[in-house]
Amino acid sequence: MLDVTVVIEDLDASRLSEKANENANSNYSLNVSLAERDRGSDHLVLSYSIELTSQPPMARFKVSGSTTLKGTKDEIKEGITAPDENRPPPILVMIYERIYSTIYLLAGALKVPYPMPNLLKKGP
Amino acid sequence: MVQETGTDLYSGILRFYSMNDVRKYMKSLLERYQRDYDRSSNVIGSLLRAEGGKGMEVIMSKGWAKVGAMFVDVTDPDKGGMELTFQLVTEMRPRISKTEEVIKTFESVEALPIATEATFLLYLHNGIPERLVIDTTETKPEAYTYKGDYVTVQ
């Protein structure tokens, strides 16, 4: 079974508008990148970088770090392969799920809209 | 089940994508074996010191009997357990020596003419690296990268 660990290495959160509040209606757009850092027979280490910006712009979160996938070659391949063009690779969903609680706490502290915890949907 | 002491000894084939990774893996194996060996031999050493000049008799049980295909100790669990630890330590020494020797002489393997795209199959037998295949048929996969834009919708 694929074993995934996610480490946050850098975190930046900004409140972009004085009018922002937790209850404002706001969607977030995400810019995501993953890059291979190390690979072995039973593991793959990726760097990740995720930037969330609310629309309209009230807050921005930048989170980066590393994730390690441990498992067989096929399990790892499945973990990094997007099921289709419009859906993210499973590892990206897992990373977002793991870092979400941190982003949620920061959003509360900054008094900006909370991003949604659900699966990501590809933007226009 | 609770593991009391000892080392997990892998038998199988591992694929590596660089020679440096093979070396790093073997070094990590050796470090683990040495750590486990030290832990077990400290147990034996402490007991021998505590029992003064009594020698090996303090770790040799007389309670062994052959039952079926196994030896079973039902009368002297303390010495029986200690004897097992001693046997483990004795068996670990050659394993450590062999792994050390493989690492020490690994430079000669690294000096071989090796294609840059090659990958490496390492065969371990009871935890000892025994054979290496330099595989040019299955090459290292291209480095993984992914970029995407997404939205979360309320």
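How are helix 1 of chain B and helix 2 of chain B oriented to each other, roughly parallel or roughly antiparallel? Keep in mind while you look that this is a predicted model.

**Stop 1: two helices in chain B**

Select residues 19-50 and 77-104 of chain B, which are helix 1 and helix 2. Their axes come within 9 Å and cross at roughly 150 degrees. Angles over 145 degrees count as roughly antiparallel, so helix 1 and helix 2 of chain B are roughly antiparallel to each other. Turn the view until one lies over the other: helix 1 of chain B passes helix 2 of chain B in a left-handed crossing.

**Stop 2: along helix 1 of chain B**

Stay on helix 1 of chain B. Now show side chains. The buried ones include B:Met19, B:Val22, B:Met26, B:Leu29, B:Leu30 and B:Tyr33, and also B:Asp21 and B:Asp36. Residues three or four places apart in an α-helix point the same way, because there are 3.6 residues a turn.

What do the buried residues of this helix pack against? Within chain B, the partners are strand 1 (12-16), helix 2, helix 3, strand 4 and strand 5; strand 2 of chain A joins them.

Next, click B:Arg39, which is in helix 1 of chain B. At 47% relative accessibility, B:Arg39 counts as partly exposed. Draw a distance from B:Arg39 to B:Thr5: the C-alpha atoms are 8.1 Å apart, though 34 residues separate the two in sequence. Then step just past the end of the helix to B:Gly52, where phi is positive at about 65 degrees.

**Stop 3: along helix 2 of chain B**

Helix 2 of chain B has 28 residues and reaches 40 Å from first C-alpha to last, close to the 40 Å expected. Buried here are, among others, B:Met82, B:Val89, B:Met92, B:Ile96, B:Val102 and B:Ile103; B:Glu83 and B:Arg95 are buried too. The cover over the buried residues includes helix 1, strand 2 (64-67), strand 3 (70-73), helix 3 and strand 5 (128-135) of chain B.

**Stop 4: two loops in chain B**

Select B:Ile114, in the loop between helix 3 (106-110) and strand 4 (119-125) of chain B. Is B:Ile114 buried or partly exposed? Its relative accessible area is 24%, which makes B:Ile114 partly exposed. Beyond its neighbours within four places in sequence, B:Ile114 is in contact with B:Met19, B:Val109, B:Phe120 and B:Ile134. B:Met19 is 95 residues away in sequence, yet the two C-alpha atoms are 9.4 Å apart.

Now move to B:Asn126, in the loop between strand 4 and strand 5 of chain B. Its phi is positive, about 50 degrees, although B:Asn126 is not a glycine. Most residues other than glycine have a negative phi. B:Asn126 is partly exposed, with a relative accessible area of 39%.

**Stop 5: chain A, and its helix 2**

Color chain A by secondary structure. Of its 124 residues, 41% count as buried.

Select helix 2 of chain A, residues 90-110. Where is the kink in this helix centred? Go to A:Tyr100, and you'll be looking at a kink of about 40 degrees. End to end, the 21 residues should span 30 Å, and the 29 Å between the end C-alpha atoms agrees.

A:Tyr100 is itself buried, as are A:Tyr96, A:Ile99 and A:Ile103, among others in this helix. What covers them includes strands 1, 2, 3 and 4 and helix 1 of chain A, together with strand 6 (145-152) of chain B.

**Stop 6**

A:Lys111 follows helix 2 of chain A, with a positive phi near 55 degrees. This residue is found in the loop between helix 2 and strand 5 (121-122) of chain A, and at 46% relative accessibility A:Lys111 counts as partly exposed.

Finish at A:Pro56, in the loop between strand 3 and strand 4 of chain A. Look at the peptide bond joining A:Gln55 and A:Pro56: it is cis, with omega about 0 degrees.

Conventions: Residues numbered from 1 in each chain as written. Chains lettered and ligands numbered in written order. Predicted model: local features only at pLDDT ≥ 70, side-chain atom pairs only at ≥ 80, totals over all residues. Heavy atoms only, no water. Helix = DSSP H or I, 4+ residues; strand = E, 2+ residues; numbered from the N terminus. Expected span 1.5 Å × (residues − 1). Bend = angle between axes of the 7 residues up to and from the residue. Buried < 20%, exposed > 50% of the residue type's maximum accessible area, 1.4 Å probe, protein only. Contact = heavy atoms within 4.5 Å. Axes fitted to C-alpha atoms, helices over the stretch in contact; angles between N-to-C directions. Parallel < 35°, antiparallel > 145°, perpendicular 65-115°, else oblique. Left-handed = near helix turned anticlockwise from the far one by under 90°.
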